[in-house]
Amino acid sequence: MSLKIGRSVFGNIANKNNVMSKSAAMELLQQWVLNPKLQLHMLQVAHLMKCWAEEKENLSVEESWKWEMAGLLHDADWDQWPELHCKKIIEELEQRNIDPEIIHAIASHGPAHFGVQPETKMDKMLYAFDELSGLIHAYSLMRPNGYEGMDVKGVKKRFKEKSFAANVSRDEILEACDMAGIPLDELIAFIIQRQPLVSMPAH
(Lines give C-alpha, C1' and ligand atoms only; values in the text may rest on other atoms or scores of the structure.)
Protein backbone atom coordinates (compact mmCIF):
# COMPACT_ATOMS: atom_id res chain seq x y z
CA MET A 1 0.00 0.00 0.00
CA SER A 2 1.55 3.29 -1.08
CA LEU A 3 0.86 6.42 0.93
CA LYS A 4 2.58 8.65 -1.63
CA ILE A 5 0.52 11.81 -2.02
CA GLY A 6 1.60 12.48 -5.59
CA ARG A 7 1.84 16.26 -5.33
CA SER A 8 3.81 18.83 -3.40
CA VAL A 9 1.59 21.91 -3.59
CA PHE A 10 -1.34 22.15 -1.19
CA GLY A 11 -4.15 24.56 -0.56
CA ASN A 12 -4.45 28.06 -1.98
CA ILE A 13 -1.99 30.86 -1.20
CA ALA A 14 -5.02 33.16 -0.93
CA ASN A 15 -5.86 31.31 2.29
CA LYS A 16 -2.62 32.33 4.02
CA ASN A 17 -3.18 32.85 7.77
CA ASN A 18 -6.55 31.07 7.68
CA VAL A 19 -6.68 28.72 10.66
CA MET A 20 -9.23 26.68 12.58
CA SER A 21 -10.18 27.69 16.09
CA LYS A 22 -8.70 25.57 18.88
CA SER A 23 -12.16 24.18 19.67
CA ALA A 24 -12.83 23.28 16.02
CA ALA A 25 -9.46 21.54 15.71
CA MET A 26 -10.07 19.59 18.93
CA GLU A 27 -13.54 18.63 17.72
CA LEU A 28 -12.09 17.28 14.46
CA LEU A 29 -9.41 15.36 16.36
CA GLN A 30 -11.94 13.74 18.69
CA GLN A 31 -14.32 12.86 15.85
CA TRP A 32 -11.64 11.32 13.66
CA VAL A 33 -9.28 9.82 16.24
CA LEU A 34 -10.93 7.22 18.47
CA ASN A 35 -7.72 5.69 19.83
CA PRO A 36 -6.77 7.49 23.08
CA LYS A 37 -3.08 6.62 22.68
CA LEU A 38 -3.00 8.24 19.25
CA GLN A 39 -4.91 11.23 20.60
CA LEU A 40 -2.28 11.64 23.31
CA HIS A 41 0.54 11.41 20.76
CA MET A 42 -1.04 14.14 18.66
CA LEU A 43 -1.56 16.37 21.71
CA GLN A 44 2.06 15.83 22.73
CA VAL A 45 3.39 16.74 19.30
CA ALA A 46 1.10 19.79 19.21
CA HIS A 47 2.42 20.95 22.59
CA LEU A 48 6.03 20.51 21.50
CA MET A 49 5.38 22.44 18.29
CA LYS A 50 3.79 25.28 20.26
CA CYS A 51 6.65 25.39 22.77
CA TRP A 52 9.29 25.40 20.04
CA ALA A 53 7.52 28.11 18.03
CA GLU A 54 7.23 30.36 21.08
CA GLU A 55 10.56 29.69 22.77
CA LYS A 56 12.97 29.03 19.90
CA GLU A 57 11.42 30.89 16.99
CA ASN A 58 9.97 33.78 19.03
CA LEU A 59 6.74 33.62 17.09
CA SER A 60 3.52 35.42 17.97
CA VAL A 61 0.54 33.63 19.51
CA GLU A 62 -1.11 33.54 16.08
CA GLU A 63 1.91 32.08 14.32
CA SER A 64 2.54 29.59 17.13
CA TRP A 65 -1.02 28.32 16.79
CA LYS A 66 -0.25 27.36 13.18
CA TRP A 67 2.59 25.15 14.42
CA GLU A 68 0.42 23.72 17.19
CA MET A 69 -2.45 23.03 14.78
CA ALA A 70 -0.13 21.17 12.40
CA GLY A 71 0.98 18.97 15.29
CA LEU A 72 -2.55 18.48 16.55
CA LEU A 73 -3.90 17.20 13.23
CA HIS A 74 -0.88 15.55 11.59
CA ASP A 75 -2.18 12.01 12.22
CA ALA A 76 -5.90 12.80 12.20
CA ASP A 77 -6.77 10.29 9.46
CA TRP A 78 -4.45 7.46 10.61
CA ASP A 79 -6.88 5.87 13.07
CA GLN A 80 -9.93 5.28 10.87
CA TRP A 81 -8.49 5.62 7.36
CA PRO A 82 -4.87 4.37 7.46
CA GLU A 83 -4.86 3.68 3.74
CA LEU A 84 -5.67 7.38 3.12
CA HIS A 85 -3.08 8.82 5.51
CA CYS A 86 -2.29 11.87 4.99
CA LYS A 87 -4.50 12.38 1.93
CA LYS A 88 -7.79 12.59 3.82
CA ILE A 89 -6.72 15.23 6.34
CA ILE A 90 -5.06 17.26 3.57
CA GLU A 91 -8.28 17.28 1.54
CA GLU A 92 -10.31 18.16 4.64
CA LEU A 93 -8.08 21.15 5.43
CA GLU A 94 -8.09 22.27 1.80
CA GLN A 95 -11.89 22.22 1.82
CA ARG A 96 -11.81 24.33 4.97
CA ASN A 97 -9.54 26.87 3.22
CA ILE A 98 -6.72 26.45 5.75
CA ASP A 99 -3.32 28.14 5.37
CA PRO A 100 -1.21 26.12 2.87
CA GLU A 101 1.80 26.23 5.24
CA ILE A 102 -0.07 24.15 7.81
CA ILE A 103 -1.19 21.65 5.18
CA HIS A 104 2.33 21.34 3.75
CA ALA A 105 3.75 20.67 7.22
CA ILE A 106 1.30 17.81 7.69
CA ALA A 107 1.99 16.47 4.19
CA SER A 108 5.75 16.44 4.80
CA HIS A 109 5.90 14.90 8.28
CA GLY A 110 7.03 11.56 6.82
CA PRO A 111 8.89 12.23 3.56
CA ALA A 112 9.83 8.58 2.99
CA HIS A 113 6.15 7.61 3.24
CA PHE A 114 4.32 10.53 1.64
CA GLY A 115 6.88 11.69 -0.91
CA VAL A 116 6.80 15.34 0.24
CA GLN A 117 10.02 16.94 1.48
CA PRO A 118 10.01 19.22 4.55
CA GLU A 119 10.86 22.77 3.45
CA THR A 120 9.97 25.31 6.15
CA LYS A 121 11.09 25.27 9.77
CA MET A 122 7.56 24.27 10.72
CA ASP A 123 7.77 21.28 8.36
CA LYS A 124 11.14 20.20 9.72
CA MET A 125 10.19 20.46 13.38
CA LEU A 126 7.00 18.46 12.91
CA TYR A 127 9.06 15.73 11.23
CA ALA A 128 11.62 15.91 14.05
CA PHE A 129 9.16 15.77 16.94
CA ASP A 130 6.85 13.08 15.54
CA GLU A 131 8.89 9.88 15.87
CA LEU A 132 11.23 11.02 18.63
CA SER A 133 8.46 12.09 20.99
CA GLY A 134 6.86 8.67 20.50
CA LEU A 135 10.06 6.89 21.47
CA ILE A 136 10.55 9.08 24.54
CA HIS A 137 6.93 8.55 25.62
CA ALA A 138 7.37 4.78 25.28
CA TYR A 139 10.44 5.07 27.52
CA SER A 140 8.45 7.07 30.10
CA LEU A 141 5.86 4.28 30.32
CA MET A 142 8.46 1.74 31.43
CA ARG A 143 9.96 4.00 34.10
CA PRO A 144 8.48 3.99 37.64
CA ASN A 145 8.42 7.80 37.74
CA GLY A 146 7.65 8.39 34.08
CA TYR A 147 9.35 11.57 32.84
CA GLU A 148 10.52 12.60 36.30
CA GLY A 149 14.27 12.21 36.54
CA MET A 150 14.57 11.12 32.90
CA ASP A 151 17.79 12.20 31.22
CA VAL A 152 19.24 12.33 27.72
CA LYS A 153 21.64 9.48 28.42
CA GLY A 154 18.79 7.11 29.30
CA VAL A 155 16.85 8.02 26.16
CA LYS A 156 19.90 7.51 23.95
CA LYS A 157 20.47 4.09 25.48
CA ARG A 158 16.95 3.10 24.42
CA PHE A 159 17.46 4.80 21.07
CA LYS A 160 20.35 2.41 20.38
CA GLU A 161 18.29 -0.65 21.35
CA LYS A 162 16.63 -1.57 18.06
CA SER A 163 14.21 -3.92 19.84
CA PHE A 164 12.84 -1.06 21.98
CA ALA A 165 9.94 0.79 20.31
CA ALA A 166 10.92 -1.16 17.21
CA ASN A 167 8.29 0.58 15.06
CA VAL A 168 10.06 3.93 15.56
CA SER A 169 12.50 4.64 12.73
CA ARG A 170 15.86 5.75 14.10
CA ASP A 171 16.98 6.67 10.59
CA GLU A 172 14.05 9.04 10.18
CA ILE A 173 14.75 10.68 13.54
CA LEU A 174 18.39 11.27 12.60
CA GLU A 175 17.41 12.56 9.17
CA ALA A 176 14.89 14.94 10.74
CA CYS A 177 17.48 16.29 13.18
CA ASP A 178 19.90 16.80 10.30
CA MET A 179 17.28 18.61 8.22
CA ALA A 180 16.37 20.87 11.13
CA GLY A 181 20.03 21.47 11.98
CA ILE A 182 19.49 20.48 15.62
CA PRO A 183 21.64 17.96 17.53
CA LEU A 184 19.75 14.87 18.69
CA ASP A 185 20.75 15.48 22.33
CA GLU A 186 19.29 19.00 22.25
CA LEU A 187 15.99 17.79 20.85
CA ILE A 188 15.74 14.96 23.39
CA ALA A 189 16.35 17.40 26.26
CA PHE A 190 13.70 19.78 24.91
CA ILE A 191 11.12 16.99 24.70
CA ILE A 192 11.88 15.59 28.18
CA GLN A 193 11.34 19.02 29.74
CA ARG A 194 8.06 19.84 28.00
CA GLN A 195 6.23 16.67 26.99
CA PRO A 196 5.00 15.68 30.51
CA LEU A 197 2.85 18.82 30.64
CA VAL A 198 0.34 17.24 28.28
CA SER A 199 -2.75 15.47 29.57
CA MET A 200 -5.67 13.80 27.87
CA PRO A 201 -8.66 16.00 27.07
CA ALA A 202 -11.92 15.34 28.87
CA HIS A 203 -14.62 13.79 26.70
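In this predicted model, helix 2, which spans residues 36-55, packs against helix 3, residues 61-73, at an angle of about 160 degrees, and the two axes lie 7 Å apart. Angles over 145 degrees count as roughly antiparallel, and helix 2 and helix 3 are therefore roughly antiparallel to each other. The crossing in which helix 2 passes helix 3 is right-handed. On the side of helix 2, the contact is made by Met42, Leu43, Val45, Ala46, Met49, Lys50, Trp52, Ala53 and Glu54, while helix 3 contributes Ser64, Trp67, Glu68, Gly71, Leu72 and Leu73. Sorted by class, the residues of this contact between helix 2 and helix 3 comprise ten nonpolar, two polar and three charged ones. In the loop that runs between helix 2 and helix 3 lies Asn58, a residue that is not a glycine and yet has a positive phi of about 55 degrees.

Helix 3 also packs against helix 7, here at an angle of about 40 degrees and with the axes 10 Å apart, which makes helix 3 oblique to helix 7. The crossing of these two helices, helix 3 and helix 7, is right-handed. Lys66, Trp67, Ala70 and Gly71 are the residues of helix 3 that meet Lys121, Met122, Met125 and Leu126 of helix 7, and by class this contact of helix 3 with helix 7 has five nonpolar, one polar and two charged residues.

A further partner of helix 7 is helix 5, residues 100-107, and these two helices pack at an angle of about 35 degrees with their axes 8 Å apart. Their crossing, that of helix 5 and helix 7, is again described as right-handed. The contact of helix 5 with helix 7 divides into five nonpolar, one polar and two charged residues.

| Helix pair | Angle | Distance between axes |
|---|---|---|
| Helix 2 and helix 3 | about 160 degrees | 7 Å |
| Helix 3 and helix 7 | about 40 degrees | 10 Å |
| Helix 5 and helix 7 | about 35 degrees | 8 Å |

The space in the largest pocket amounts to about 770 Å³. Its lining is made up of 28 residues, and those that lie nearest the centre of the pocket are His41, Asp75, Asp130, Glu131 and Asn167. Helix 7 provides eight residues, the largest share of the lining of the largest pocket. In terms of residue class, the lining of this largest pocket has twelve nonpolar, eleven polar and five charged residues.

His85 and Cys86 are joined by a cis peptide bond, for which omega is about -5 degrees, and Cys86 is found in the loop between helix 3 and helix 4, the latter covering 87-95.

Technical notes: Residues numbered from 1 in each chain as written. Predicted model: local features only at pLDDT ≥ 70, side-chain atom pairs only at ≥ 80, totals over all residues. Heavy atoms only, no water. Axes fitted to C-alpha atoms, helices over the stretch in contact; angles between N-to-C directions. Helix = DSSP H or I, 4+ residues; strand = E, 2+ residues; numbered from the N terminus. Parallel < 35°, antiparallel > 145°, perpendicular 65-115°, else oblique. Left-handed = near helix turned anticlockwise from the far one by under 90°. Contact = heavy atoms within 4.5 Å. Nonpolar A, V, L, I, M, F, W, Y, C, P; charged D, E, K, R; others polar. 1 Å grid on protein atoms, 1.4 Å probe; cavity = no way out; pocket = protein on both sides within 12 Å on 5 of 7 lines; lining within 4 Å. Points joined across faces, edges and corners; volume = space filled by probe spheres on them.
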